[in-house]
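Welcome! Here is a short briefing to read alongside the sequence and the model.

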Amino acid sequence: MKHFAQLIKALDSTNKTNIKVQALTDYFKIAGDTDKVWTIAILSHRRPPRPVNTTLLREWASEFSNIPLWLFEESYHIVGDLAETIALVIPADPASTEKSLTQFLEEMIALKKKPDDEKKAYLYENWKVLDYYERFVFTKLITGSFRIGVSQKLMTRALAKATEIDEDILAYKLMGNWNPDTISFQDLILEENESDYLSKPYPFYLAYAIEGEVDDLGDVNDWSAEHKWDGIRSQVILRNDEIFVWSRGEELVTDKYPEFDAFIGIIPNGTVIDGEILPYPKGEIGTFNDLQKRIGRKTVSKNLLAKVPVILKAYDLLEWEGEDIREMAFIERRELLQKLFYSVTEPSSSASRRSSTNVESGPTITSEPNPRQSAGRSASDLVSSRQARNADIVENLSPSAAEIPLHLSETVHFTSWEEAVKERERSREVHSEGLMLKRKDSPYLVGRKKGDWWKWKVEPLTIDAVLTYAMRGHGRRSNLFTDYTFALWDEKEDGEKELVTFAKAYSGLTDAEFRKVDNWIKKNTLERFGPVRSVTPHHVFEIAFEGIALSKRHKSGVATRFPRILRWRQDKKIEEANTLSDLKDLIV
Amino acid sequence: MKKPLLEFTGKGIYCSAADVYLDPWKPVDKAIISHGHADHSRWGHKHYITHHRNVPIISHRLGDINVTGKEWDETFAINNVKFSLHPAGHIIASSQIRVEHKGEVWVFTGDYKTENDGISTPYEVVKCHTFITECTFGLPAFKWTPQKEVFKDINQWWAENQAENKTSVLFGYSLGKAQRLLKYLDTDIGKIYTHGAIENMTEVLRPLVDFPKTTLITKDTKKEELLGNVVLAPPSAHGSPWIRKMVPYVTASASGWMTFRGARRRRAIDKGFVLSDHCDWDGLLESIKATGAEKIICTHGYSDIFSRYLREQGHDARTEETQYGEEEDAGSKKDEFAPVFSEGEAK
């Protein structure tokens, strides 16, 4: 544990990437093999499940440090991090421990099943023998979130330096399902083992936002474009008659989207598709708000499946006939993807359809085949014998909805950048976030890289809103009020105007602005509700957001997508802020 | 009901029986001043009374003022109210102010710390009926390590930076923290350079305390000569063009606020040393107990939380608003590392 705590301390006490990489590299060179595996797991968000809930942790920490629970809670609001608060309030003790990181984690895994009194005793015993920083790290491991400014990419780079194995290969090895409690460093990192790769996705290629003018990208003919769909970026893997669906956050989400089980037996084995999971209520692409109803549900009711079905909008093909084709040029991969798409959605007429979608003059979208046209396949054809669950779903859906939920993200054709600009302006109408521009000859790279792919989002929607509530931030914003709630005017029946909450936002201001607003909040607090304060309505902020949809879950009746602060409108009085009906007018 | 001996007014802490203010924040006729930080010794009073060692400090900061210096424990009467100054241990010449009238004793701490820093006259417990205490760090999360250990860390940090041929830039208030750092920096490692604000203040204090040699950074100072050495600078210099010229350098801050990981990261400081001139949680509780006070009045800091805790522990404690805790670094922006406390915080 001492080594690991020192590593975390080193990582936490610098803002410089190369120093972080060096600290990690040094650690990987000296740490024991099992400690290394656990460190990789922790830094790639594969911690064991939380053995003690935070309510108990708080109670026990306040008891052990001999302070009342309310005082512990107040301290926590100010410190902004539970593990840090616990580490600070627990009394110092000269004792120490030589237990390794692996030992601690094994104990934590075993701890989960133990009764509360044993958990309590375990925590007491360890909080006591660890020094301040070790206690912080230990408690972090228990509480979960370990955000210390080290991305998986940075960790992989250090691991590559320490092991002299190619970084991209390591990134690939570290993806997917592996259990740090059972896998050895040899098997995880050093060994080449084909069967382990069955469920493994490829690292996602991510694009940066376009810089400057689109014309700067050069010849328009070198680029391919498609809409940037607003769902969950995913990889769908078909190997060995099994399907694996991975989200971009490297979460295996196969069970959350049983619709895709229909791919088994239809899409050939040895296929990996990069695409976007999109909500498809009422036979058309819905909003992200619709998809929210599915995210986070582990088991999906039949009712919800019928109400908010999902589709996969396919962008790219990464593996075909069992071969990794990421090195191929984008348009060649697209060619294969389209071939696959037409063969599975319209096996009989694929050839004729493709010839009919030739580029016309002006911007056109390759039309999407109407799913109803391929109704030749009956529901029973789709039933996979593998899973009863599958059959159940298919039987209970209407024949048209039982179509294979695969759509192609259509290529947008244009002959000049002006045409592209026009197409981009249509984005909100078609429920996309803008366009994706991909160089026709680009390979599928690893991670976020500049040059070949660019995202070209539409300008955000904006509205002027009034600051009404504030909460202290976390991490580097601890002890500062940086998480804000904003409201818009609404006219009640009696003509009286009131402010109605519509969004929360906690990014977009500079540190200096945050300090100013924080100072103002502390002086203008109306009421306190635990960590939240209501403030005098006084300041107007311009809030930007990507999308908007009606929502029953929100008080305002409207849900906004990715709201953030665009600027502080110190020139505006609260009477000049927008109304709820202004906001609703933005809904397409 | 009789008037309390000290009242909290719009101008400051007021003793009506003597018609005198303690550390007032608005201009008044007669002010007794606890110490030289700008939030306690403000400009514009007609007459200042303070510890005689504080006279050169506030004269340096406020210019030509009418000031009277007093000794520790020297009792002086104003309208039959007895006043005396007692060491607060916060910075050089910082005092607690004792006020006695008709057998009733109040003590106003100003800012104070219980650890002996070796420069300031150490804090002394003063028995009283009512104790007006600051509680800047009035949370159980604040616990200081002995300064000896902190300075070991600071000197080790300096030596490590020197090994990498980098300049070590150490931030601390120009009055108090800077001199405390200066006193314990290990001059065997290298030379100590100073920012103008710190050099000037240290110059004022040299007759009172023996400090190591310092070199003022001027326009002619070459950045090469700074490499491997340490630079003492006020927090407001962080991120300024003055400091950017020193590349390659490593920054550190010495402050009680460095307890929080977030405070250091927010300011993009490379290293934080937890070193404070205020009491920590235990220090506050111990000194309150030692005064034997029946009534506790909590001012600037986490006063709301702290007084609630005191009440639960059986004390008669309440909070009062002051305007202390801001603009500690005179002549420059307020402390960049501290959160802002004000009315809302204390409710």
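Where chain B touches chain A, the contact takes 22 residues from chain B and 30 residues from chain A; two residues are in contact if their C-beta atoms, placed from the backbone, lie within 7 Å. This is a predicted model, in which local features need pLDDT of at least 70, side-chain atom pairs count only at pLDDT 80 or more, and totals for chains, interfaces and linings use all residues. Residues are numbered from 1 along each chain as its sequence is written, while chains are lettered from A and ligands numbered from 1 in the order in which they are written.

**The side of chain B that touches chain A**
- Helix 7, helix 9 (303-312) and helix 10 (343-346) of chain B each supply at least two residues of this side; helices (H or I, at least four residues) and strands (E, at least two) are DSSP runs, numbered from the N terminus.
- Helix 7 of chain B gives the largest share, four residues.
- By class, this side of chain B divides into nine nonpolar, four polar and nine charged residues. Ala, Val, Leu, Ile, Met, Phe, Trp, Tyr, Cys and Pro count as nonpolar, Asp, Glu, Lys and Arg as charged, and the others, Gly among them, as polar.

**Helix 6 of chain A**
- Helix 6 (residues 82-89) of chain A is mostly covered, with eight of its eight residues buried. A residue is buried if 20 or more other C-beta atoms lie within 10 Å of its own, exposed if 12 or fewer, and partly exposed in between, with C-beta atoms placed from the backbone.
- The buried residues of helix 6 of chain A pack against helix 4 (54-64), helix 5 (69-79) and helix 9 (132-143) of chain A, and also against helix 7 (261-266) of chain B.

**Domains of chain A**
- The domain assignment, which is automatic or from a database, gives domain 1 (2-143), domain 2 (205-346 + 373-457) and domain 3 (461-584) in chain A.
- Between domain 1 and domain 3 of chain A, the C-alpha centres lie 35 Å apart.
- Their contact takes five residues from domain 1 of chain A and seven residues from domain 3 of chain A.
- On the domain 1 side of that contact in chain A there are two nonpolar, two polar and one charged residues.

**Chain B overall**
- Chain B has 10 helices and 19 strands.
- Its C-alpha trace spans about 70 × 45 × 30 Å along the principal axes of chain B.
- Of the 347 residues in chain B, 53% are buried.
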